[in-house]
Amino acid sequence: MASTAAGKQRIPKVAKVKNKAPAEVQITAEQLLREAKERELELLPPPPKQKITDEEELNDYKLKKRKGFEDNIRKNRTVISNWIKYAQWEESLKEVQRARSIYERALDVDHRNITLWLKYAEMEMKNRQVNHSRNIWDRAITILPRVNAFWYKYTYMEEMLGNVAGCRQVFERWMEWEPEEQAWHSYINFELRYKEVEKARFIYEKFVIVHPEVKNWIKYAHFEEKHGYIAHGRKVFERAVEFFGEEYIDEYLYVAFARFEEKQKEFERVRVVYKYALERIPKQKAQELFKNYTMFEKKFGDRRGIEDVIVSKRRFQYEEEVKANPHNYDAWFDYLRLVESDAEPDGVREVYERAIANIPPIQEKRHWRRYIYLWINYALYEELEVKDPERTRQVYQACLELIPHKKFTFAKMWLLYAQFEIRQKNLQGARRGLGTAIGKSPKNKLFKGYIELELQLREFDRCRKLYEKYLEYSPENCTTWIKFAELETILGDVDRARGIFELAIGQPRLDMPEVLWKSYIDFEIEQEEYDNTRGLYQRLLQRTQHVKVWISYAQFELSIDSVDRLQKCRQIYEEANKGLRNCEEKEERLMLLESWRDFEQEFGSLTTRDRVRKLLPEKVKRRRKLTAEDGSDAGWEEYYDYIFPEDTANQPNLKLLAMAKMWKKKQEQDEEKIEEVQEDKESDEDQEDKESDEDQEDKESDEDQEDKESDEEQGNKESDEEQQPKESEKDKETEESPLAGPSEVRGSPPAEPSEKNGHDDRDDEQESSSETDSSSDSDEDENKEKGKKKEEKKRSDSEDD
């Protein structure tokens, strides 16, 4: 703190903190300490090395160090690292007794510290104090028997000392605590190092009981196999299979057992082991087993054995799939396909019965579509593979009884049943079945299949009755009417066919009336009844004014071989054009006119072609406003509209459009002229600059030769008189030029350049006169004219000479 002259203390001023908000980057105490450590700000330099020269200095050094260690221990007795450092320092001075005392004092503080026991025992072993080391290890394994490091160190020490019996005794004490697997393996390896196989077998017997795992049983069996005890190894595997049973069965045990037998060339035993395992292990847990079984059969089995393995593997997979989801019909199909390829008929029937027993829980056709194919495949298998017609008939009948026909049916099932009965030459049964189907649940496919069957049998009366039933069931079906009429046409009954067509077009509701009318018209054309055809066209045009009907009518008239066919065709086009004039769809009218144009180009004259060409519309691009579903504005859309010349309402628009096009064309031409004038003006300005320079040079040369010219003028008056007409003509040209004055130049438009010379001097003079109106400019112009006259006189004199 600062002080004043009077001795009073003065408090320094502290700057006021304006912004008391926390900083964006916060610095923690941990960060400050870490930075200090990184920069080594608090590291003290090491003390200088001290040389000890006599015993007294050594004792002082020891006393000082011991005091320091004791002070550290006194500050915190629980820090074991201080005790270990103290003891190791004493050990470095060969003070073993003192170091032992320090370790004992440390053990009184914390007797469960593993590091302390290990350092203590290592110190005794370094100094070859064997009994002390044994004493320490005994105390350690008694106090902390679950610490494996003590046991490993103790057994290693005894084995290094050659005390095999003592080492075995330590292992036995260790095994009583049932340690981890590695401890047992260490004990077994110890016995094997000294060729004690029986004792190792005895240890394995205890080991597989304490740690009953598959891998330990497999190791035990491999141990027996390695030492040549094959029977003992097989017995170990058999005991393992009995020990685990079917509840804790594992595929790796059987794989190892099979490989063991395979090494002994016992191939039949191997197959027995694999089959025994595959029958008991769940299929999802037997992937490795299947893999090894397949490899074994490929190496040592025949083709039949390999196929059996593959089939059994796939069969187990399908079994698991159908157990998980019985209504997974695709899995049943795959399973049945596999079984049919390699199984007896009874086994296949069993799988089929299991599959068809899974009836869809919902009576909706979409759930039955896949299921019904199980019955179809079952029936085909019985008929084609087993060749049992009676059983096939039972399958079909059972399926047809199962289907709920009141809600839905399957026409393919009825038709397949009828075709089966026909193959068995039971025609009455087939007809009875199809009749029952039509009575229970009539469908289009059933009627078509039944009619096709009777057609193949050439039973035309039955076909007529079926068509009548079909049309009673579905009178709006145009295809049925057409097929019925075609049948009568084929049978030669034209009047009956025409009557059927008349009945058909008289129906109030039809699904495809245009197809029906076309078939009727084609029928009349085939019969060459052209008057009837025209009548049909007229009746059709009374119902509809469709453009395709008009075009078809015109082409029909054109196709008839008559004298006035072109006139009739042209007349139809005329009527069609008048009829479609009020049509909202302008594309249809355009289609008609294009067809008419093509007709006139092929058969018409120049006059008719021009007439049709004048009727063609003009294509105009327009815009219309779009509105979204919610009523909001959706923008604008461009579309093409057609304007026909005959539409009087659109004439003003056409005139306005033509005037707009002419105005636009004129504007473009004016713009082109203005651009050309601007280019000429720029070129004239450049030429004027050049001429002004030349006139200045001529003026200077004229002043020097003025005296000479005065003498020459006196002597050449006659030549001047001859030259006078030329000058008068030139003056007349200047008077006619637009250089009459600045006011006239300003009001007059710029003159266009002459085509012959490409550049007009009059434009340059006009521009120079328009730029300045002073008298000096006029004097310069007069001087220029005089210079030009003098030049012309010189030229004439030279010519006379």
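**Side-chain contacts: a quick note**

1. Glu159 has a relative accessibility of 17% and counts as buried, where buried means under 20% relative accessible area, exposed means over 50%, and partly exposed covers what lies in between (1.4 Å probe, protein chains only). Before going on, keep in mind that this is a predicted model, with pLDDT of at least 70 needed for local features and 80 or more for side-chain atom pairs, while totals for chains, interfaces and linings use all residues. Numbering runs from 1 along each chain as its sequence is written, and side-chain values use heavy atoms, with hydrogens and water left out.

2. What does Glu159 pair with? Its salt-bridge partner is Arg193, with the closest N and O atoms 3.1 Å apart; the term asks for a side-chain nitrogen of Lys or Arg within 4 Å of a carboxyl oxygen of Asp or Glu. Helices here are DSSP runs (H or I, at least four residues), as are strands (E, at least two), numbered from the N terminus. Arg193 itself is partly exposed, at 48% relative accessible area.

3. How many salt bridges does the structure hold? The count is 42. One of them joins Arg173 and Asp138, whose closest N and O atoms are 3.4 Å apart. This pair also links distant parts of the chain: helix H8 (residues 164-175) carries Arg173, helix H6 (residues 130-143) carries Asp138, and the two residues are 35 apart. Both ends are partly exposed, Arg173 at 31% relative accessibility and Asp138 at 26%.

4. Glu488 is buried, with a relative accessible area of 0%, whereas Arg496 is partly exposed at 35%. Elsewhere, salt bridges link Asp346, Arg349, Glu382 and Arg391 into a network.

5. Now the rings. An aromatic pair is described by the distance of the centres and the angle of the planes. Rings of Phe, Tyr and Trp (its six-membered ring) pair if their centres lie within 6.5 Å; planes under 30 degrees apart count as stacked, over 60 as edge-to-face, and the rest as tilted. The structure holds 38 such pairs. Tyr537 and Tyr553 have ring centres 4.7 Å apart and planes at 15°, so they are stacked.

6. Is the ring pair of Tyr573 and Phe599 stacked or tilted? With centres 5.7 Å apart and planes at 35°, the pair is tilted. Tyr573 belongs to helix H31 (residues 565-579) and Phe599 to helix H32 (residues 586-603), so parts 26 residues apart in sequence are tied together. Tyr573 is buried at 3% relative accessibility, and Phe599 is buried at 5%.

7. One aromatic cluster is formed by Trp151, Tyr152, Phe171, Trp174, Tyr187, Phe190 and Tyr194.

8. Last, charges over rings, meaning NZ of Lys or CZ of Arg within 6 Å of the ring centre and within 35 degrees of the ring normal. Arg201 lies over the face of Tyr229, 4.7 Å from the ring centre. Lys365 has its charged end over the ring of Phe410, at 5.1 Å from the centre.
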